[in-house]
Amino acid sequence: MATFGLEEEVFVVEPAAPSLNSLYYLARLLWRDPRTNIPRTASNFARGADLSRGLMSAVEVSTGVQPDSTSLLEDLRARRAELAGVADGLVVPLGHLLDFDTPTNVAALQVHVGCLRDRDRAFDNLAHFLPLLALLTADSPAASGKRFGQSYRMARGFATGPLGDDPTVRFQDLIVSKRLGTIEIRVLDPTWDMERIGVLVRAIEEIVELHQHLDPRRDWYNSLRQRVAIEGYIDELRPLHTELAQVAEVPESLLARTAADEVWDLFARDGLVPTYSAIDNGYRTGVFEPCEVPPMKASALRSVLGFAGYYVPKLPYTTWKYLKEK
């Protein structure tokens, strides 16, 4: 039987941008259960020219290894509750912040599939349906406050890219992890919407259990990925949905109107902080509606405590993980 795991990256903003306070929240989480949270949390930082918008990027929590999609979703709900319990800022699962234009300051939803009888077949079958899987959670609709499309992160993000001949090359939309030996779906954006994530992981479960070996169609996928990232559910994808519908229950409505569309509509109407508060509310309660936002600001003391309490004890594991993934 296949096994499943999930890594979810989110921004913690206070109230419009992340700060090093995020390390303080990770430290609080880590010391509640160090054995679990040293390997199952992570911090990310902007790079190069993107540092002009700030050093801190997204934070990550991951599930354990689960035997099926139902257990995976239950684990993710528990991990979300744990992070929400320590984060005073707004928790914002988006592929890219709405008023930024920063290719290295992005966040991902990464699904791992392991213990496969035929990994090559499962990989090719996931590649076959990859544009639809990407659209299920596409959720980075803007750059510099202007509409970009469906997924700025898919189109511009530094950690994704077209599919090549070697699946172990890391920065592709779908890879085989060198460290874990799992298939890792990297193209996905995070979203507050657990319904969408549920449809996604159940579809992944059904796809990897297919006995038929489908054509991965890498060249076809690569030729369409920029259009999909910008335009969304283009006509070329409709026959693919008809094919997927024979395998898994994926409502076409979730592809035609994406999470990115919903976020953009609220942002265009209500502005930045109300949109982030609605995403935070959706993450915490499942209700995508703006809430009143209390005063927030970065704290130098919290930044120092976070660095000492999280980044320093996590550094040996982070170094080992980096060397394994090279």
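Predicted model: local features only at pLDDT ≥ 70, side-chain atom pairs only at ≥ 80, totals over all residues.

Reader: How much space lies in the largest pocket?

Author: Rolling a probe the size of a water molecule over the atoms shows where empty space is left. Here the largest pocket holds about 1,000 Å³ of space. Its lining counts 39 residues, and Asn 44, Arg 47, Arg 170, Lys 321 and Glu 325 lie nearest the centre.

Reader: Which element supplies the largest share of that lining?

Author: Helix 13 does, with 8 residues. This helix spans residues 300-325, and the elements that each give at least two residues to the lining also include strand 1 (3-13) and strand 5 (109-114). By class, the lining of the largest pocket has 15 nonpolar, 10 polar and 14 charged residues.

Reader: What lines the second largest pocket?

Author: There are 19 lining residues, with Gly 5, Thr 63, Val 65, His 112 and Leu 180 closest to the centre. The space in this second largest pocket is about 330 Å³. Strand 1 gives the most to its lining, 5 residues, while strand 5 and helix 13 each supply at least two. The lining of the second largest pocket divides into 7 nonpolar, 8 polar and 4 charged residues.

Reader: How many disulfides does the structure hold?

Author: The count is 0. As for individual cysteines, Cys 115 is exposed, at 58% relative accessibility, and Cys 291 is partly exposed, at 41%.

Reader: Now the charged pairs. How many salt bridges are there?

Author: The count comes to 20. To read one, look at the gap between side-chain N and O, then at where the partners sit in the fold. Take Arg 79 and Glu 82, whose side chains meet at 2.5 Å, N to O. These two are separated by about one helical turn, because they are 3 residues apart in helix 3 (residues 69-86).

Reader: Is Arg 79 buried or exposed?

Author: Arg 79 is buried, since its relative accessibility of 3% is under the 20% cut-off.

Technical notes:
Residues numbered from 1 in each chain as written. Heavy atoms only, no water. 1 Å grid on protein atoms, 1.4 Å probe; cavity = no way out; pocket = protein on both sides within 12 Å on 5 of 7 lines; lining within 4 Å. Points joined across faces, edges and corners; volume = space filled by probe spheres on them. Helix = DSSP H or I, 4+ residues; strand = E, 2+ residues; numbered from the N terminus. Nonpolar A, V, L, I, M, F, W, Y, C, P; charged D, E, K, R; others polar. Disulfide = S-S within 2.5 Å. Buried < 20%, exposed > 50% of the residue type's maximum accessible area, 1.4 Å probe, protein only. Salt bridge = Lys/Arg side-chain N within 4 Å of Asp/Glu carboxyl O.
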